[in-house]
Amino acid sequence: MVNTLAAPVDLVVTIMKNRTFTFMSILWMGILVYLSLFRASAQVGQLLFPNFDVFAHTFFYAVLYLLLVFAFRREWQWKYAHGLAIVVAFSFGILMEFCQGFFTDYRSASLKDVLSNGLGIGMSFLVSQSKKVSLIINK
């Protein structure tokens, strides 16, 4: 009897071994889709401190940028990894806001959220340009 799950499982294992940051980037984007498009209580973040959503957007997109840079630079050896990571992360954030505005009736698109995403991406870019972090990325 042939195991029909062997090929897909082998493919996932290969991707996880050879493309760890690519896999983590896709997984992180999936988490962002879930958090962006599914119903959640807005009061949860506001209980912690005012404008918690700005902090959350900044953090999540800072991490996304770094994961993408590691994936593009270390695994795919793309020369323009930083620029591509900025474009992909920022475009993904705009897409999520668009989806919130047009495909949900309980969420709305927000320029503040897009700017918070950009802040996180920009902060991560600046951190990634430091000599120590740059050495790790280009390893």
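This report covers aromatic pairs, a surface patch and one serine in a predicted model.

Residues are numbered from 1 along each chain as its sequence is written, and side-chain values use heavy atoms, without hydrogens and water. Local features need pLDDT of at least 70, side-chain atom pairs count only at pLDDT 80 or more, and totals for chains, interfaces and linings use all residues.

**Aromatic pairs**

Rings of Phe, Tyr and Trp (its six-membered ring) pair if their centres lie within 6.5 Å. Planes under 30 degrees apart are stacked, over 60 edge-to-face, and the rest tilted. The count comes to 10 aromatic pairs. Two of them are listed here.

| Pair | Centre to centre | Angle of planes | Type |
|---|---|---|---|
| Phe 55 and Phe 59 | 6.5 Å | 15° | stacked |
| Tyr 61 and Phe 92 | 6.5 Å | 40° | tilted |

Tyr 61 lies in helix α4 and Phe 92 in helix α5 (residues 81-103), 31 residues apart. Both are buried (under 20% relative accessible area; exposed is over 50%, partly exposed in between; 1.4 Å probe, protein chains only). Phe 55 and Phe 59 share helix α4 (residues 52-75), four residues apart. Helices are DSSP runs (H or I, at least four residues), numbered from the N terminus. Phe 55 is partly exposed at 47%, and Phe 59 is partly exposed at 40%. Ring pairs also join both to Trp 28, Phe 52 and Phe 60 in a cluster.

**Helix α2 and beyond**

Ser 36 sits in helix α2. Its relative accessibility is 9%, so Ser 36 counts as buried. Ser 36 touches Met 96, Gln 100 and Arg 107, leaving out residues up to four places away in sequence; contact means heavy atoms within 4.5 Å. Phe 38 lies in the loop between α2 (20-37) and α3 (42-48). Phe 38 is partly exposed, at 43%.

Notes:
Helices (H or I, at least four residues) and strands (E, at least two) are DSSP runs, numbered from the N terminus.
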